Amino acid sequence: QVQLVESGGGLVQAGGSLRLSCAASRSIFSINGLGWYRQAPGKQRELVAAITSDSTTNYADSVKGRFTVSRDNAKNTVYLQMNSLKTEDTAVYYCHLAKRDSGTGYLHYYWGQGTQVTVSS
């Protein structure tokens, strides 16, 4: 089992910045499936940003140029730097990890508890 703990959420004015952190209880060195999802009121959970084991990144179109995902394998931590925040970024943000079972080869998915990000106008 892998535990994920997010931190860094809060209330910020539009145009401001926040940095979210996700600390994993196990090594993330070899984990290829890492990223951040968010869920806003009335919306389904959506992928915001993902990062591979070689630090290749992918972003939702709505956050490109504003958000940056990174990882520090030595600290077992994934980050989401959010700049130029907009009111539509308001959501609960979840850290996500996908890990393949060594015996079955199946993927197991893990989620953090979520951290609220609220952007005011």
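Let me start with the side chain of Asp-72: one of its polar atoms lies 3.2 Å from the backbone nitrogen of Ala-74. Please keep in mind that this is a predicted model.

Asp-72 belongs to strand S7, which covers residues 67-72. Is Asp-72 buried, exposed or partly exposed? The relative accessible area is 24%, so Asp-72 is partly exposed; the cut-off for buried is under 20%. Leaving out residues up to four places away in sequence, Asp-72 touches Ile-28, Thr-77 and Tyr-79. For Ile-28, the separation from Asp-72 is 44 residues in sequence, and the C-alpha to C-alpha distance is 8.6 Å.

Next, the aromatic rings. A pair of aromatic rings is described by the distance of the centres and the angle of the planes. How many aromatic pairs does a search of the whole structure find? The search finds one. The rings are those of Tyr-37 and Trp-111, with centres 5.0 Å apart and planes at 70 degrees, and therefore the pair is edge-to-face. The angle cut-off for that label is over 60 degrees.

On accessibility, Tyr-37 has a value of 21% and so counts as partly exposed. Trp-111 has a relative accessible area of 37% and is partly exposed as well.

Trp-111 also comes up with a charged residue. Arg-45 lies over the face of Trp-111, at 4.8 Å from the ring centre. Arg-45 lies over the face of Tyr-94 too, and there the distance from the ring centre is 3.8 Å.

Last, strand S11, residues 115-120. Which residues make up the covered face of S11, and which the uncovered one? Thr-115, Val-117 and Val-119 are on the covered face, while Gln-116, Thr-118 and Ser-120 are on the uncovered face.

S11 has strand partners. Strand S2, residues 10-13, runs parallel to S11 and is joined to it by four bridges. In that pairing, Gln-13 stands opposite Ser-120, and Ser-120 is one of the residues on the uncovered face. Strand S9, residues 91-100, runs antiparallel to S11, with three bridges between them. Here Val-92 stands opposite Gln-116, which is also among the residues of the uncovered face.

Methods: Residues are numbered from 1 along each chain as its sequence is written. This is a predicted model: local features need pLDDT of at least 70, side-chain atom pairs count only at pLDDT 80 or more; totals for chains, interfaces and linings use all residues. Side-chain values use heavy atoms; hydrogens and water are left out. Helices (H or I, at least four residues) and strands (E, at least two) are DSSP runs, numbered from the N terminus. Buried means under 20% relative accessible area, exposed over 50%, partly exposed in between (1.4 Å probe, protein chains only). Contact means heavy atoms within 4.5 Å. A polar contact is a pair of N or O atoms within 3.5 Å; within protein, one must be able to donate a hydrogen and the other to accept it, and residues adjacent in sequence count only if both atoms are side-chain atoms. Rings of Phe, Tyr and Trp (its six-membered ring) pair if their centres lie within 6.5 Å; planes under 30 degrees apart count as stacked, over 60 as edge-to-face and the rest as tilted. A charge sits over a ring if NZ of Lys or CZ of Arg is within 6 Å of the ring centre and within 35 degrees of the ring normal. Two strands pair if DSSP finds at least two bridges between them.
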